[in-house]
Amino acid sequence: QRIYYLSLEFYMGRTLQNTMVNLGLQNACDEAIYQLGLDLEELEEIEEDAGLGNGGLGRLAACFLDSMATLGLAAYGYGIRYEFGIFNQKIVDGWQVEEADDWLRYGNPWEKARPEYMLPVHFYGRVDHTPEGVKWIDTQVVLAMPYDTPVPGYKNNTVNTMRLWSAKAPNDFNLQEFNVGDYIEAVLDRNLAENISRVLYPNDNFFEGKELRLKQEYFVVAATLQDIIRRFKSSKFGCRDPVRTCFETFPDKVAIQLNDTHPALSIPELMRILVDVEKVDWDKAWEITKRTCAYTNHTVLPEALERWPVSMFEKLLPRHLEIIYALNQMHLDRVAALYPGDIDRLRRMSVIEEGDCKRINMAHLCVIGSHAVNGVARIHSDIVKNSVFKDFYELEPEKFQNKTNGITPRRWLLLCNPGLADVIAEKIGEGFITDLSQLQKLLDFINNETFIRDVAKVKQENKLKFAAYLEEQYKVKINPSSMFDVQVKRIHEYKRQLLNCLHAITLYNRIRSNPSKSFVPRTIMIGGKAAPGYHMAKMIIKLITSIGEVINNDPYVGDRLKVIFLENYRVSLAEKVIPAADLSQQISTAGTEASGTGNMKFMVNGALTIGTMDGANVEMAEEAGEENLFIFGMRVEDVEALDRQGYNAREYYERLPELRQAIDQISSGFFSPRDPGCFRDVVNMLMYHDRFKVFADYEAYIKCQGQVDQLFMDPREWTKKVIRNIACSGKFSSDRTIMEYAREIWGVEPSATKIPPPNLPRD
């Protein structure tokens with residue numbers, strides 16, 4: 001059985017160190033490079049990040065590849081080889097400026113082009129219904145060129161493949177047309193076809209219905225499915241046909257996991273191939289398709305759901321539109337039979353949304369076309385069942401599952417925090433690297449003075465190293481004995497970086513009004529990219545940098561408080577900042593962050609969490625004990641109650657003097673003296689249309705931050721809590737997540753057997 005993980009994003013970061021770690025070669029390479037008079041770390045810093053993702057969803061795919069290889073699964077990652085990944089972020093005058101990420105400029109040593117497996121992908125054209133069956137004709141062809149990147153498992157001699165497709169124009173592109181002989185124009189037009197794999201759409205949790213994006217989605221799906229079917233037909237198993245034309249065994253040999261709805265076209269495309277090309281009976285084809293596909297939902301935010309205009313499909317993928325209509329009809333007939341006369345239910349459950357612009361709801365298509373649908377943390381999976389897909393859950397409850405996200409302990413502990421990994425291995429051995437639940441053994445050492453001292457020492461070294469990096473790269477001096485208070489993630493209103501800002505301002509005002517009092521020194525670090533078209537997110541960055549400008553240059557404050565914006569946050573920067581963090585901020589409005597995975601990285605790296613009961617924070621609190629995290633604010637039920645009652649921001653503004661002072665300062669231009677009206681949009685949003693209820697959690701947040709300060713003043717108790725958190729983080733390994741996918745969705749058993757190395761004869 002082969003697993004195919006389909007994703008439009010793979011946020012891989014750098015590959016050199018990860019390859020050395022997984023092959024067990026790091027010390028050997030270190031030594032060899034040292035003897036050549038070079039510094040391995042300096043070499044590693046030269047490699048570009050493969051930034052083929054926006055954030056959580058793309059990084060999850062990368063962690064999953066690592067875990068699938070480490071668990072010995074026959075798994076393939078399939079996606080697009082974007083020529084330009086997520087933009088590089090520059091901060092100019094406090095504003096975000098985007099720069100193209102030309103990551104392939106000096107070549108990519110980890111990839112191997114495979115022109116022998118190049119495949120055609122069709123667009124546009126028309127559908128011909130003939131007596132011999134349906135034909136999709138007069139199409140435009142784009143070629144998909146595969147590039148393979150090896151994915152090594154951890155010390156098990158398994159190497160899987162990530163295959164990324166690049167778009168190529170065929171040689172007769174635009175020349176076959178009764179062209180008036182403008183040969184030069186025609187050759188230049190090859191760019192139009194090749195633009196498909198040019199650039200990653202930089203939106204996180206937001207749907208932008210552009211035709212080029214739909215082309216990208218179909219491009220990866222069409223190329224991948226041809227590859228999957230080629231491999232199925234040529235394999236030795238299954239039916240006895242010489243050239244396997246029987247697809248009965250297809251779902252037993254092939255599992256397709258859809259990472260969000262982006263590869264949803266796999267469902268109609270597989271139907272098209274089975275019915276139109278392979279001449280499988282429609283109902284049989286539908287059964288095969290459903291048993292093959294499974295869908296992971298990543299968000300409940302309505303603005304993130306993919307809803308494509310029917311008119312766009314009609315033009316670009318006419319046959320797929322017909323198939324979707326037929327599937328929807330079948331689906332609605334079934335619903336109507338079960339709920340006679342319930343017209344509203346039919347409207348709610350249709351794949352086609354009626355209205356001024358008819359749209360295809362890709363999430364509904366995924367749910368009806370898959371045998372399993374999962375959320376990515378328990379609270380999110382419950383919301384999926386009880387609200388987003390409530391009607392579908394009532395219809396087929398057995399379809400819906402939870403698979404709480406995880407992170408790979410190879411990159412996110414061993415590679416990025418070798419000091420901590422060593423201290424842990426000293427006490428409990430190295431088994432935790434492939435079985436993170438073994439970290440529980442650390443509970444025996446919570447009161448062990450040497451261990452407490454060692455863990456604190458590693459953290460302090462990581463902080464010194466990061467402080468030196470910040471000084472070297474960005475010329476900012478920070479106090480390494482201050483609390484490193486970190487919020488790094490994409491900038492989004494629902495993630496509430498604004499709540500963090502209000503705390504920073506409140507802290508500043510308290511120091512100003514009481515300069516002689518002793519305060520716990522803090523360095524507040526906020527980092528993350530804003531989607532280029534997301535105005536409010538860009539304003540939030542400007543606000544953070546403006547607050548920093550004022551606070552960092554106020555002599556009354558000194559080094560008791562600093563606010564730093566971490567420029568160009570990406571995988572390789574996460575590997576530096578996370579091991580140095582004391583406090584991890586996970587403060588989204590309850591019910592909005594599907595899971596979060598940064599939260600897990602901080603936990604395993606010895607930071608304490610301040611957070612809401614949202615996403616995987618809930619399960620982190622359950623594992624470590626709620627008293628070992630700083631949990632504050634509304635729960636999902638409270639948010640719903642407040643929605644029914646009506647959220648009135650002004651009421652909090654009137655009632656809480658420190659909140660009012662902070663808002664008045666932002667509003668009056670205290671933080672933007674050059675342009676006093678700079679932040680009126682931000683204040684106006686917070687006061688009159690804040691969907692994410694920042695003020696409602698302000699009081700509880702400030703109070704909770706006070707408890708953080710209290711504990712930080714007792715380093716021994718702080719470190720004991722840190723140890724307990726690390727010891728309880730085992731559940732959040734992507735190895736555990738993938739084992740659950742394998743057993744409960746794909747129907748395969750992971751194997752811990754190390755295959756013999758290539759220099760030894762195989763059995």
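**View 1. Helix α20 meets helix α29.** Residues L499, N500, L502, H503, T506 and R510 of α20 are in contact with Y698, Y701, I702 and Q705 of α29 (contact means heavy atoms within 4.5 Å). By residue type, this contact holds 5 nonpolar, 4 polar and 1 charged (Ala, Val, Leu, Ile, Met, Phe, Trp, Tyr, Cys and Pro count as nonpolar, Asp, Glu, Lys and Arg as charged, and the others, Gly among them, as polar). This is a predicted model, in which local features need pLDDT of at least 70 and side-chain atom pairs pLDDT 80 or more, while totals for chains, interfaces and linings use all residues. Residues are numbered from 1 along each chain as its sequence is written, and side-chain values use heavy atoms, with hydrogens and water left out. Helix α29 covers residues 698–712, and its axis comes within 10 Å of the axis of α20, crossing at roughly 60 degrees (axes are lines fitted to C-alpha atoms, for helices over the stretch in contact, and angles run from 0 to 180 degrees between N-to-C directions). The two helices, α20 and α29, are therefore oblique to each other (under 35 degrees is roughly parallel, over 145 roughly antiparallel, 65 to 115 roughly perpendicular, the rest oblique). Their crossing, α20 with α29, is right-handed (the near helix is turned clockwise from the far one by less than a right angle; anticlockwise is left-handed). Helices (H or I, at least four residues) and strands (E, at least two) are DSSP runs, numbered from the N terminus.

**View 2. Helix α20 packs against helix α21.** The axes of α20 (residues 497–513) and α21 (residues 535–552) come within 10 Å and cross at roughly 15 degrees. At that angle α20 is roughly parallel to α21. The crossing of α20 and α21 is left-handed. On the α20 side the contact is formed by Q497, L498, C501, A504, I505 and Y508, and on the α21 side by I540, L543, I544, I547, V550 and I551. This contact of α20 with α21 has 11 nonpolar residues, 1 polar and no charged.

**View 3. I505 is a buried residue of helix α20.** The relative accessible area of I505 is 0%, so I505 counts as buried (buried is under 20%, exposed over 50%, partly exposed in between, with a 1.4 Å probe and protein chains only). Leaving aside residues up to four places away in sequence, I505 touches I547, A662, Q665, I666 and F671. I505 and E658 are 153 residues apart in sequence, yet their C-alpha atoms are 9.1 Å apart in space.

**View 4. A727 lies in helix α30, which covers residues 715–727.** A727 is buried, with a relative accessible area of 1%. A727 touches L439, Q440, L442 and L443, residues up to four places away in sequence not being counted. From A727 to K441 there are 286 residues in sequence and 7.0 Å in space, C-alpha to C-alpha.

**View 5. Strand β1 pairs with strands β13 and β4.** Of the 5 residues of β1 (residues 2–6), 4 are buried, so the strand is largely enclosed by the rest of the structure. Strand β1 runs parallel to β13 (residues 254–259), joined by 5 bridges (two strands pair if DSSP finds at least two bridges between them). With β4 (residues 75–80), β1 pairs in the parallel sense over 4 bridges. Y5 has Q257 as its bridge partner in β13, and G77 as its bridge partner in β4.

**View 6. Three strands form an open sheet in the order β15-β17-β16.** The pairing in this sheet is antiparallel. The edges are β15 (307–309) and β16 (352–353), each with a single partner strand, so one side of each has no neighbour in the sheet. Strands β15 and β17 (residues 359–361) run antiparallel and are joined by 3 bridges. W308 is placed opposite I360 in β17. Helix α14 (residues 362–369) lies across β15 and β17, at about 45 degrees to β17.

**View 7. D138 and K279 have positive phi.** Most residues other than glycine have a negative phi. For D138, phi is near 55 degrees. D138 is in the loop between β10 (133–137) and β11 (140–152), and counts as exposed at 54% relative accessibility. For K279, phi is near 60 degrees. K279 is in the loop between α9 (266–277) and α10 (282–292).
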